[in-house]
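Please find below some notes for a colleague who will work from the coordinates.

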Amino acid sequence: MEFFRIKKSIPFMRHALAFNVISLVTFLLAVFFLATKGLHYSIEFTGGTVIEAPFKQVADLEKIRAELTQKGFLDVTVQNFGSAKDVLIRLPLKISTTNQNTAMEEQKNIIIQTLIPLGLDYDLELAKTDPKANKLRVEFVGGQVGKELAYDGSIALLAVCLGILAYLAIRFEWRFAVATIVANLHDVVIILGFFAFFQWEFSLPVLAAVLAILGYSVNESVVVFDRARENFRKMRKATTSEIFDAAITGTISRTIITHGLTQMMVLAMLVFGGPSLFYFALALTIGICFGIYSSVLVACPIAKYLGVSREDFVKPVKKEGDPEVISAGP
Amino acid sequence: MNKYPIWKYAVIVAALMVGFLYTLPNFFGEVPAVQVSGLRANKADADTRKVVEETLKAAKVDVTSVLIEGESLKVRFKDGEGQKNGQSAIQEKLGAGYIVALQSISNSPAWLSSINALPMYLGLDLRGGVHLLMQVDMKSVLDKAVDRYVGDVRVLLRDKKVFYTGGISRDGDKVVAKFKEKPELLRAQTEIGSQFPELQFRDTELSGEFVLTVLMKPETIQKLQESAIQQNITALRRRVNELGVSEPIVQQQGVDRILVQLAGVRDPARVEEIIGRTASLEVRLVAEEHATSRNYDAFERYRNEPAPFGTEKIIDEKGYPVLVYKTIAFTGDKITDAQAGFDQQAGGGSIVNVTLNAAGGRAMTMTTRGNVGKRMAVIMIEKGKPEVLTWPNINSELGARFYISGMPNTQEAKNLALLLRAGALAAEMQIIEKRVIGPSLGADNIEKGKNSLLLGFALITVFMIVYYMLFGVVSVVALACNLLFLVALLSMLQATLTLPGVAAIALALGMAIDANVLINERIREELRNGMSPQMAIQAGYDRALDTIIDSNITTLIVGLALLIWGSGQVRGFAVVHCLGIVTSVFSAVMVSRGLVNLIYGGKKKVAKLSIGNVNWHKSVGQVPTKA
């Protein structure tokens, strides 16, 4: 079986401008949504309490919200996650309570008691004796922890960028390194843009996914640049654009198959991984889709604009006997 | 050509065998069990085993085995029902001196455990349990210390007849004393300095008054903070032990935080109640008039008798009854420090040095003045239950600094010192992060993670075989080996596997297949360019290697950054991510090449490779030839 029977180099670079315009527009949109709507941080970042509660039947969110508001939880958010029977209840951090612990425990108990008549799948008595009956997940995070996480997260992102930049600069050439980082950061911003636009929850696993995608799409650029470097040495008479066209065409089959396979795995997580892995898988999905595009069609033009040329790779002294052209077929 | 030397196959086979061996325990599942371990002086030994066996027989509980493993006794049950009944029966029989914890033990055969092959260590989100992160209030620790110094300095100056004006006050983290004349200030400084070498001084002159500012040295503050954390951890451990949780984790995290993780806890509300409880310490005189001897058995005849009027019967750590007066000499919050040490005068036995604050010192002097030769009991009260920690003899009139001698060894001295400190008011703590995961939710998470992993693997398998045929099979086998290595490594390292970790396994496989796709595509390309099959295999693997290394290093950079700066869940992801990269390079390059060599290597004539269709011409990668 063979999907890609490409006989000639596809002139990708001729359309570089178009690709860049598309990128720029998506990028700006993402920045716009990040600025206006902002990210919907999980309580890991903001601090607060989250209760994941399974219901016996399809949960009536409106009613739950109304009942809880009546009990004095004014800024509570109630939403489904995973299935229509699972409800996620989120309470913001109460400021200035000296004893957050007891306040928190009380809150939880009041909520559980409010929800039981509404069909919460939880038996107070049974839960005390039989651990299997306890299907709740309760999470509380103080405000300080969240700030630290956000800080550590940005440090990690910065470290990843610098690390990759340094490695590529040593292994290839600084222009390739810059092009790669720009192209892939643009992926990151677009993923974040999606999360801002749809107000999906941005949690720690999502952060991990975003960074993993950064490393993954850098692979793409590496593969293409690797081939470009090889081509610079082989194809002496070709222009830079032709070199990149050949490199992209030569690797496109691998690019698409690899991404497709990774996506299969991610898709399995998206569909069967349950609510805990859903946004993680979603971030990966967006990352993989945009990764193909940006690491190839954005990184190459940038490298070209930055002025990558044959002289950067071919040391004339080194390879004297290089063949001019690879033997063409009959 | 394309032959591997024997040693390379040996490496692969050895890796596979080790991998298989260490993955094995994960397939045996778990059995309900109870872990019995002794508290302090008590030990779970052969005698305990006998008692336990008899108790269980009497209670008609079926057991699979009762074994001593390390420091504890492990009882395996046939079912959960037996486990529950067994636990209560054993606990009732053994009493408070033992912890009887519910546990799930791997069902893998003993020979696997003996080579340290254990199942993967599951995180709380997969097992269910309670995770608490507590912050120790360091400011209050320092405030309290400064307050104490204010009192101590006041008493000292009064005792030494140093005259100050307008009282001694606290200003933030400083103790401030004012004097009319400079020599008086200097005298105060010398006196304080000789009594409290951990303090430092600054003096200023302000509108005719001489102001002495007393500060704690930075190293004193650091020591204070460390001991506060240590003190709280000790107190927490004691309390957590009561919960009957197997392998509780209580550890310091960062400068001022304590992490508590309790897997499989039934009732999270009780955890908080117990953890939030404070222990208190009291010192009282022993009622010597009722004693029959000077030994531990002094009050043996009161073991089953009520205590005489005005006294109270309290059991000591070793189980002997002790009669003490109801009057409290002083309470534990007067203890500022307790350290294990050596007796410099009497032959270097182990001792515990105790320091009291000024008020405690005065109380101590008053208590001991008329009572030299009597005994003094140090009592710890936890959950309303008192216990005598030690009841040493009073050898002389004592003050704020004294020591308890006659400790059997350093370890005992250290334990007592810790308990004395822990009994004193520990620094306040606040829960800043809490996660409670129901055990069935944990099992659900494992199931979902496993299912998506298997499904993803199946999809990849089908595609690879259809698309690359025999080479696809090789790739899939390499990928399966990768999974095996990864699981084996995780089991070997006993790294905590969390749900993001499971996701990372899936992602690692999804990304690892990239290496094989690269290789296969490259081989196809070389074939199209007219290389012979053997040459194409050689060239395909060699040329793809550079790219594989490059791309894995970039991924590794990400993994390491996450490992260093990530916390909690992210770190769980990062560990697997990093390990996955290592195993995938090994299996994609070594294992798959080994397999290909086994199939095609050494043969003189290989007409065709089973790698899918390559029979068409393509001119990519070539400059169009000009006519």
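1. Q35(B) has K74(B) as its bridge partner in β3(B). The two strands concerned, β1 (residues 30-38) and β3 (residues 72-77) of chain B, pair in the antiparallel sense over four bridges, where pairing requires that DSSP finds at least two bridges between two strands.

2. The model is a predicted one, in which local features need pLDDT of at least 70 and side-chain atom pairs count only at pLDDT 80 or more, while totals for chains, interfaces and linings use all residues. Residues are numbered from 1 along each chain as its sequence is written, and chains are lettered from A and ligands numbered from 1 in the order in which they are written.

3. The pairing of point 1 belongs to an open sheet of four strands in chain B, ordered β2-β3-β1-β4, with antiparallel pairing. Its edge strands are β2 (63-69) and β4 (98-106) of chain B, each of which pairs on one side only, and the twist from one strand to the next averages 25°. Angles here run from 0 to 180 degrees between N-to-C directions, with axes fitted as lines to C-alpha atoms and, for helices, over the stretch in contact.

4. Strand β10 (residues 209-216) of chain B pairs with two strands, both described here as antiparallel: five bridges join β8 (residues 174-179) of chain B to β10(B), and eight bridges join β9 (residues 199-206) of chain B to β10(B). As examples, V175(B) is bridged to V214(B) and R202(B) to T213(B). The covered face of β10(B) carries F210(B), L212(B), V214(B) and M216(B), and the uncovered face carries E209(B), V211(B), T213(B) and L215(B). In the hairpin of β9(B) and β10(B), with two residues between the strands, S207(B) takes a positive phi near 40°.

5. A further open, antiparallel sheet of chain B has three strands in the order β17-β18-β21. Because β17 (335-342) and β21 (401-407) of chain B stand at the edges with a single partner strand each, one side of each is left without a neighbour in the sheet. Neighbouring strands are turned by 20° against each other on average, direction ignored. Five bridges join β18 (residues 350-356) of chain B to β21(B) in antiparallel fashion, and N353(B) has Y403(B) as its bridge partner.

6. T365(B) is found in helix α10 (residues 358-369) of chain B and counts as partly exposed because it has 14 C-beta neighbours inside 10 Å; a residue is buried at 20 or more such neighbours, exposed at 12 or fewer, and partly exposed in between. Leaving aside neighbours within four places in sequence, T365(B) is in contact with E397(B), L398(B) and G399(B).

7. The largest nonpolar core has 225 residues, of which V210(A), L211(A), A283(A), A503(B), L509(B) and L562(B) touch the most other members; such a core is a set of buried Ala, Val, Leu, Ile, Met, Phe, Trp, Tyr and Cys residues joined through C-beta atoms within 7 Å. Helix α12 (residues 439-493) of chain B gives the largest share of this core, 20 residues. Apart from it lies another core of 38 residues, including F299(B) and I335(B). Not counting residues up to four places away in sequence, L211(A) touches A156(A), L157(A), V160(A), V558(B) and L562(B).

8. Chain A is divided into domain 1 (12-41 + 145-312) and domain 2 (48-141), with bounds that come from an automatic or database domain assignment. Their centres, taken over C-alpha atoms, are separated by 39 Å, and four residues of domain 1 of chain A are in contact with four residues of domain 2 of chain A.

How values were computed
Two residues are in contact if their C-beta atoms, placed from the backbone, lie within 7 Å.
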